[in-house]
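Look over the sequence and the model first.

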Amino acid sequence: MSLCPPFAPFFGFAGVASAMIFSTVGAALGTSKSGIGIAGLGTFKPELIMKSLIPVVMSGIIAVYGLVVSVLISGSIKPHGYSLLAGVVHLGAGLSCGFTGLAAGYAIGIIGDTCVRAYVHESKMFVSMVLILIFAEVLGLYGLIVALIMNSRVSTMTC
């Protein structure tokens with residue numbers, strides 16, 4: 001069996017798709033859940049809406065992580081001389097970024113919705129909300145770092 005089969009780029013492009021799709025779905029979940037809380041807050045205290053947009057911005061950053069990884073992976077894929085090992089590593093990098101983005105977006109959505117609703121009643125919740133959102137955002141950042149490390153190892157895997 002050849003080390004560079006013609007189907008090897010399929011795994012690399014599956015990594016590109018995984019990074020983009022799962023991290024974007026996570027960002028969409030975070031935005032939608034947080035948006036529900038912000039809409040509820042806006043009916044009671046419209047002056048707090050701008051400060052409550054932080055969860056939406058943070059979940060949008062999750063999609064940017066997936067975009068960065070997918071662009072880096074797709075730039076490494078070559079039609080010839082692309083090994084099966086490189087394809088599988090790219091798939092793993094895309095899955096690590098995508099699934100951590102999905103988890104981070106989901107966590108940001110729940111935190112954003114709950115904390116924004118609590119922020120209506122207690123203004124001291126704002127600092128706690130930002131701190132907890134940072135911890136949720138770091139989940140996606142871990143996946144980005146792992147994907148970047150995996151992608152940096154692929155340059156040595158040529159046929």
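Where is the place of isoleucine 61? Isoleucine 61 sits in helix H2. Helices here are DSSP runs of H or I with at least four residues, numbered from the N terminus. This is a predicted model, in which local features need pLDDT of at least 70, side-chain atom pairs count only at pLDDT 80 or more, and totals for chains, interfaces and linings use all residues. Residues are numbered from 1 along each chain as its sequence is written, and side-chain values use heavy atoms, leaving out hydrogens and water.

**Isoleucine 61**
- Isoleucine 61 counts as partly exposed because its relative accessibility is 34% (buried is under 20%, exposed over 50%, partly exposed in between, with a 1.4 Å probe and protein chains only).
- Its C-alpha atom lies 9.0 Å from that of glycine 140, 79 residues apart along the chain.

**H2 with H3**
- Helix H2 (residues 54-76) packs with helix H3 (residues 84-121) at about 175°, their axes 8 Å apart.
- H2 is therefore roughly antiparallel to H3 (angles over 145 degrees, on a scale from 0 to 180 between N-to-C directions).
- The contact (heavy atoms within 4.5 Å) includes Ile62 and Tyr65 from H2, and Ala93 and Cys97 from H3.

**Helix H4**
- Helix H4 (residues 125-153) has 29 residues and should span 42 Å at 1.5 Å a residue (1.5 Å times one less than the number of residues).
- Its end C-alpha atoms are 43 Å apart, which agrees.
- Buried residues of H4 include Phe126, Leu133, Glu137 and Gly140.
- H2 and H3 are among what covers the buried residues of H4.

Methods. Helix = DSSP H or I, 4+ residues; strand = E, 2+ residues; numbered from the N terminus. Parallel < 35°, antiparallel > 145°, perpendicular 65-115°, else oblique.
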